[in-house]
Amino acid sequence: MTGAIDLNDIKRRMDGAINAFKSDIASLRTGRASANILDPVTVEAYGSRVPLNQVANITVPEPRMLGVSIWDKSMVGAVDRAIRESHLGLNPIVDGQNLRIPLPELNEERRKSLVKVAHDYAEKAKVAIRHVRRDGMDGLKKAEKDGDIGQDESRSLSDKVQKMTDDMISEVDRLLGEKEKEIMQV
């Protein structure tokens, strides 16, 4: 902790944004069915939004099919709706308390739409990183104004926060590039 701000805390928060981004892009399908595809889906359940895996089991019975076994019969409609509205391009087939989700063939158009979703996730991560930077810079300005630190220390710390921000954003870009290649690979 340096007088005004905790650089370790800022780094931890920026790492959190990167980890959230990694888990978001891991859910983007590249060819085979994976239960991770449904990770970003949240369901309106019992008065709040919860991750899909807290109301159902997700299985991969075949390479191009997902199975969702919903525990509470009253949740079937909400789960079906949540999956359809998730921008993943999936159309579940309701079968009692189970959903069968056939995965569409990855054609050129579908690949491009997945890349677009990956870019959205990247932008969300960059915005989160910039928010952390803004919080850090605000803390520095306040500490300098209150006389806790001098101008030189404030400038030095602000340069460190900016470098950390630049490094994190270039990491997001690198991960996005890798995922884009993976998605577009036929």
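What follows is a short exchange about a predicted model.

Colleague: Why is threonine 165 called buried?

Modeller: Buried means under 20% relative accessible area. Threonine 165 has 0% relative accessibility, so the residue counts as buried.

Colleague: Where is threonine 165, and what is it in contact with beyond its neighbours within four places in sequence?

Modeller: Threonine 165 is in helix α4, residues 151-184. Leaving aside those neighbours, the contacts are Met14, Ile129 and Arg133.

Colleague: Which residues touch the most other members of the largest nonpolar core?

Modeller: Ile10, Met14, Phe21, Leu28, Ile129 and Val172 do, out of 32 residues. Helices α1 (7-26), α3 (108-145) and α4 each supply at least two residues of this core. The largest share, 12 residues, comes from α3. There is also a second, separate core of 24 residues, which includes Ala45, Ala78, Ile83 and Ile101.

Colleague: What is leucine 28 in contact with, leaving aside its neighbours within four places in sequence?

Modeller: Leucine 28 is in contact with Leu114, Val117, Ala118, Tyr121, Lys179 and Ile183.

Colleague: Why is tyrosine 46 called exposed?

Modeller: Exposed means over 50% relative accessible area. Tyrosine 46 has 61%, so the residue is exposed. Tyrosine 46 is found in the loop between β1 (42-45) and β2 (48-51).

Colleague: Why does glutamine 97 count as partly exposed?

Modeller: Partly exposed lies between the buried limit of 20% and the exposed limit of 50%. Glutamine 97 is at 28% relative accessibility, so the residue falls in that class. Glutamine 97 is found in the loop between β5 (93-95) and β6 (98-102).

Colleague: How do you know that the side chain of glutamine 97 makes polar contacts with isoleucine 70 and tryptophan 71?

Modeller: A polar atom of the glutamine 97 side chain lies 2.9 Å from the backbone oxygen of isoleucine 70. The side chain also reaches the backbone oxygen of tryptophan 71 at 3.2 Å. The limit is 3.5 Å.

Colleague: How far apart are the C-alpha atoms of glutamine 97 and serine 69?

Modeller: They are separated by 6.2 Å, with the residues 28 apart along the chain. Ser69 is one of the residues that glutamine 97 touches; others include Val68, Asp72, Lys73 and Val76.

Notes: Residues are numbered from 1 along each chain as its sequence is written. This is a predicted model: local features need pLDDT of at least 70, side-chain atom pairs count only at pLDDT 80 or more; totals for chains, interfaces and linings use all residues. Side-chain values use heavy atoms; hydrogens and water are left out. Buried means under 20% relative accessible area, exposed over 50%, partly exposed in between (1.4 Å probe, protein chains only). Contact means heavy atoms within 4.5 Å. A nonpolar core is a set of buried Ala, Val, Leu, Ile, Met, Phe, Trp, Tyr and Cys residues joined through side-chain atoms within 4.5 Å. A polar contact is a pair of N or O atoms within 3.5 Å; within protein, one must be able to donate a hydrogen and the other to accept it, and residues adjacent in sequence count only if both atoms are side-chain atoms.
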